[in-house]
Amino acid sequence: MARGSECRNSRLYYYSIKFALSTYATFFSILGLLILCIGIYAEVERQKHKTLEGIFLAPAIILLLLGFTMFSVSFVGMVGSLRDNQTLLKMFFWVLLVIFITELLLIFIEIIFENKMNAVLHSNIQEGIRHYYDDLDFKNILDFVQEKFSCCGGDEYQDWQVNLYHSCNSSGPLACGVPYTCCIRKVPGEVINTLCGYRTLSKERLELLNVIHVRGCIHAVGLWLKDNFEATVGIVCSLLLPQVVGLVMAWLYWQKLNEISSKLDTVDFKMLEMRDFSFGAVDLSGAGWCWCLPREGGYIPISAMEEGEEK
């Protein structure tokens with residue numbers, strides 16, 4: 001216990017926590033800014049051919065929200081750690097905690113109300129299928145999912161009826177069919193027949209077992225997550241663990257600053273009258289390039305009269 005307390009009171013402990021939190025926040029600030037820039041570019045491109053609305057249908061909106069949240073929260077933590085600003089550190093900690101708890105609640109809601117969540121997801125996928133050829137981002141994502149998880153549509157292959165080109169009431173080569181990404185490939189690497197799903201919507205499921213994938217992608221992805229439990233846990237941990245690390249470091253650094261503040265002279269926190277204070281008298285030697293490193297006794301000079309009053 002004594003050695004642990006001695007370690008926490010050492011300068012090495014202070015600088016280690018400060019460096020770790022600053023590095024953590026800076027990394028995620030840069031990452032968030034990068035995602036935000038990609039989201040802005042994707043949204044500008046989407047606006048040129050704008051047809052879809054909503055967070056579930058526009059990946060650019062998801063990137064914008066994710067990038068902005070990551071950058072803003074991490075930037076607050078970065079500035080707070082560099083400047084030893086307890087207000088910014090508290091803000092960083094509590095906002096990150098709210099985000100973490102919200103994600104946990106969403107995971108529990110998905111587990112408990114799986115059917116209702118699937119229904120919401122199905123309605124959004126159907127809306128995307130309705131505008132399948134109008135939004136290239138959604139089209140590429142759905143094509144990838146259908147090929148990767150051997151599925152077709154949201155709930156089942158009949159979901160393609162809502163698309164204007166694939167509806168059985170329309171005319172043309174795509175009428176009453178499904179995209180080629182729904183088709184079963186018997187030989188890996190074979191030349192793709194883009195009309196392999198021709199007239200499949202007018203047939204029953206048993207007739208199509210060797211032609212296209214009849215199960216929906218919602219069920220296919222759900223089964224994959226359940227069958228690959230280790231991968232699912234790994235995905236969840238990769239999302240939540242960095243936030244836990246940030247919360248722990250922010251808490252430790254916050255407590256360390258409280259401890260330092262209680263030991264140092266409180267003159268640094270007094271409301272000084274401007275007529276008695278000159279910025280030119282402040283000696284910032286030892287504060288470092290960021291003007292953020294602490295110094296025993298503080299940086300604000302104390303007049304002889306004040307020293308006498310304090311004694």
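Arg199 sits in the loop that runs between α6 (136-148) and α7 (217-227). The model is predicted. In this model, Arg199 shows a positive phi of about 60°, although it is not a glycine. Its relative accessibility is 34%, so Arg199 counts as partly exposed.

Asp84 also belongs to a loop, the one between α3 (59-83) and α4 (86-112). Phi of Asp84 is near 55°, a positive value in a residue other than glycine. Asp84 has a relative accessible area of 18% and is therefore buried. The cut-off for buried is under 20%.

Helix α3 contains Ser74. Ser74 is buried, with a relative accessible area of 8%. Leaving aside residues up to four places away in sequence, Ser74 touches Ala25, Phe28, Ser29 and Phe92.

Next comes the surface. A nonpolar patch there covers about 940 Å². Its members are Ile101, Leu105, Leu106, Ile107, Phe108, Ile109, Ile111, Ile112, Phe113 and Met117. Helix α4 gives the most to this patch, with eight residues. Ile112 is one of the patch residues, and its place is in helix α4. With a relative accessible area of 60%, Ile112 is exposed; the cut-off for exposed is over 50%.

| Residue | Relative accessible area | Class |
|---|---|---|
| Ser74 | 8% | buried |
| Asp84 | 18% | buried |
| Arg199 | 34% | partly exposed |
| Ile112 | 60% | exposed |

Note on methods. Residues are numbered from 1 along each chain as its sequence is written. This is a predicted model: local features need pLDDT of at least 70, side-chain atom pairs count only at pLDDT 80 or more; totals for chains, interfaces and linings use all residues. Side-chain values use heavy atoms; hydrogens and water are left out. Helices (H or I, at least four residues) and strands (E, at least two) are DSSP runs, numbered from the N terminus. Buried means under 20% relative accessible area, exposed over 50%, partly exposed in between (1.4 Å probe, protein chains only). Contact means heavy atoms within 4.5 Å. Patches are made of residues with over 30% relative accessible area and no salt bridge: like charges are joined within 9 Å, nonpolar side chains (Val, Leu, Ile, Met, Phe, Trp, Tyr) within 5 Å. Accessible areas come from the Shrake-Rupley method with a 1.4 Å probe; for residues, only the protein chains shown count as cover. A salt bridge is a side-chain nitrogen of Lys or Arg within 4 Å of a carboxyl oxygen of Asp or Glu.
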